[in-house]
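I opened this notebook to record, entry by entry, what I looked up in one structure. I wanted to go from the whole chain down to single residues.

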Amino acid sequence: MTLTEPAPSRLWSPERRWPTTGILLLVTLLAFEAMGVGTAMPTMVRELEGEALYAWPFLANLAASVIATVFSGRLSDRRGPKPAVLIGVVLFLAGLVVAGLAETMAVLLAGRVLQGFGAGFLIVAIYVVIAVAYPEDARPAVFGALSAAWVVPSLVGPAVAGWATEHLTWRLVFLAIVPLVLIGIVLLIPVLKKLPPHAETPPQRKYLPLAAVAVGLGVAGLSWSLQHRTWWMLVVALLLLAPALRILLPKGTLIARRGLPVTILARGLLAGTFFAVEGFIPLTLSVVHGYSPLEAGIPLTLSALGWAGASMWASRHPEIERHTLVRTGFLFVATGVAAVTLIAPTWGPAFLTPVLWAVAGAGMGMATSSVGVLMMAASPEADRGFNSAALQISDMLFSATMIGLGGVLVVATAPTAGVVVLNLSMAALAVVGAVLTGPRMRATLKA
């Protein structure tokens, strides 16, 4: 059920203009906060005398976000997305204020947990709002814009946060966002009021709250154990994740069953292969080729531009089947990931890195937005929240796993050898993603 009939303007017709602006503003702010915190964190922990706890603000936020996605999905399926949006905004705002005013590491951690809960509630609920408030023919444009909204802050977020931290105060990384979040929710209020009554009853799922907590702790533990090579924690994380994922992912996701399961899996494979390699590109350029930090960051900027540009291009071509774009995106990612392997040796053509990594970014842009469209097309009203949460869990699980494995490889071997093995492995995995997707995703489309 939709609020409006299809119109020539997919996003900016009068009845959609303000909700579209509100959705994109909120998502951009979520992404900006995530990007900016990493830049400001060294100054935060030094001022709060919490150097020994440096990793915990990230891990606490990650665990809270994973848990909240599950609860947001369940609430959205039972009551519609409006309560989840409002809860998410309140928690995220509270987290920004608490972290921005923190005088101790304990308070900062509390703020980061609240931010994680708020972000998790919001992103899943926003997916459901899109499904309810926009007709199916408009969703490619919405998800394309949403994908670009995640990427744009990566261009300016670290620089703005760094400037504010150096010249003003790190607290602005949190507090300056507060009024903008309020504007975003004000813009969304009209569409929230117009949402139709939620009548569908979601399927009964046992142990969902317990599974939510288990997967949140498991993903955070997995990330920590791989980064710090704490093998007993890795075992604990896997023991938590194995039963929880059977509850929180559509049946057959991890074995790439046709239709919705392989669609959910595709999101994780895309995120894992791309971000595992991206994390080591600046390191390689700096250590092997002697690039400055600014020069080493240029490929990431070009990749973000490629991502945003490709997602917007895909949104303007609804005549191209989304599963075709997903397969093509995987092939672009595989090409870019394999090609940047050439920069690992000292003789490698490092000057080509921005172009090569822009190819991988373009693949992510056309594929990730298309995965969102396919997921929503496959989701009955009673399962939109559950499946949106599963998409986020897949993304975070594979990202944490692949980035962690990349760190193990690079630390355990010579940096060049580790990067070569990592890149070629991720390129092969992206090819596997291309083989598994494509026409096998056609079953996700509703009749």
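The entries below begin with the ground rules and then turn to the chain, its core and a few residues.

**Ground rules.** I noted that this is a predicted model, in which local features need pLDDT of at least 70 and side-chain atom pairs count only at pLDDT 80 or more, while totals for chains, interfaces and linings use all residues. Residues are numbered from 1 along each chain as its sequence is written, and side-chain values use heavy atoms, with hydrogens and water left out.

**The whole chain.** I looked up the secondary structure and found 16 helices and zero strands in the chain; helices (H or I, at least four residues) and strands (E, at least two) are DSSP runs, numbered from the N terminus. Along the principal axes, the C-alpha atoms fill a box of roughly 60 × 50 × 45 Å. I then checked the radius of gyration, which is 21 Å and agrees with the value near 22 Å that a compact globule of 447 residues would have; the radius is taken over C-alpha atoms, and the globule rule is 2.2 Å times the number of residues to the power 0.38.

**The core.** Which residues have the most contacts inside the largest nonpolar core? They are Val181 and Val215, in a core of 135 residues. Helix α4 (residues 105–133) gives the largest share of this core, 16 residues. A nonpolar core is a set of buried Ala, Val, Leu, Ile, Met, Phe, Trp, Tyr and Cys residues joined through side-chain atoms within 4.5 Å. Leaving aside residues up to four places away in sequence, I listed the partners that Val181 touches, among them Leu26, Val89 and Phe92.

**Two loop residues.** Ala256 is found in the loop between α9 (231–248) and α10 (260–278), and it counts as buried because its relative accessibility is 7%. I marked its phi, near 60°, as a positive value in a residue other than glycine. Most residues other than glycine have a negative phi. Ser379 lies in the loop between α14 (353–377) and α15 (384–412), and it is buried, with a relative accessible area of 0%. Ser379 and Ala131 are 248 residues apart in sequence, and their C-alpha atoms are 9.3 Å apart in space.

How values were computed
Buried means under 20% relative accessible area, exposed over 50%, partly exposed in between (1.4 Å probe, protein chains only). Contact means heavy atoms within 4.5 Å.
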